[in-house]
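Colleague: Please take a close look at one part of this model, the pairing of its strands. Then set that part in the whole.

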Amino acid sequence: MSVEQVGQLSTVRYEIPAESGTYFLHASYYQDQNDYELEYETDDLENGIREFEQFLIARNINRRETVQKIARALKYPNK
């Protein structure tokens, strides 16, 4: 059995406290790509969804579903 490197991914995670949870901004780097992802974690799902939606609207950010960052990284071949 052999192991072959198929890519390299590194992520810097920023943590920002909020009213009822915590925002996480991930800055990921792979190949020649810069990839950013914003997450919101909370124990109160209903209020958390509302707060996150208000955050996005106030900053004119469109919400969109994405695949996991490792899947995004694997779309770009290792150079």
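Modeller: S2 and S3 pair in the antiparallel sense over 10 bridges. Two strands count as paired if DSSP finds at least two bridges between them. Helices (H or I, at least four residues) and strands (E, at least two) are DSSP runs, numbered from the N terminus.

The model is predicted: local features need pLDDT of at least 70, side-chain atom pairs count only at pLDDT 80 or more, and totals for chains, interfaces and linings use all residues. Residues are numbered from 1 along each chain as its sequence is written, and side-chain values use heavy atoms, with hydrogens and water left out.

Back to the pairing. In S3, Leu 38 stands opposite Leu 25. The hairpin of S2 and S3 has 2 residues between the strands. Gln 31 is found in that loop. Its phi is positive, near 50°, in a residue other than glycine. Most residues other than glycine have a negative phi. Gln 31 has a relative accessible area of 27%, so it is partly exposed. The classes are buried (under 20% relative accessible area), exposed (over 50%) and partly exposed in between, with a 1.4 Å probe and protein chains only.

Strand S1 (residues 10-17) and strand S2 (residues 21-30) run antiparallel and are joined by 8 bridges. Ile 16 has Tyr 23 in S2 as its bridge partner. Here the hairpin runs through 3 residues.

Now Phe 24, which lies in S2. Phe 24 counts as buried because its relative accessibility is 8%. Leaving aside residues up to four places away in sequence, Phe 24 touches Arg 13, Tyr 14, Glu 15, Glu 37, Leu 38, Glu 39 and Glu 41. A contact means heavy atoms within 4.5 Å. Glu 51 is 27 residues from Phe 24 along the chain, and their C-alpha atoms are separated by 14 Å.

Of its 22 lining residues, Glu 37, Leu 38, Glu 39, Phe 52 and Arg 64 are the closest to its centre. Strand S3 (33-42) and helix H1 (45-58) are the elements that give two or more residues to the lining. S3 gives the most, with 8 residues. The lining divides into 9 nonpolar, 4 polar and 9 charged residues. Ala, Val, Leu, Ile, Met, Phe, Trp, Tyr, Cys and Pro count as nonpolar, Asp, Glu, Lys and Arg as charged, and the others, Gly among them, as polar.

How is a pocket found? On a 1 Å grid over the protein atoms alone, a pocket is an open set of points where a 1.4 Å probe fits, with protein on both sides within 12 Å along at least five of seven lines; lining residues have an atom within 4 Å of a point.

Last, the whole chain. The protein has 2 helices and 3 strands, in the pattern β-β-β-α-α along the sequence. The radius of gyration is 16 Å, whereas a compact globule of 79 residues would have one near 12 Å. That radius is taken over C-alpha atoms, and the globule rule is 2.2 Å times the number of residues to the power 0.38. Buried residues make up 23% of the 79.
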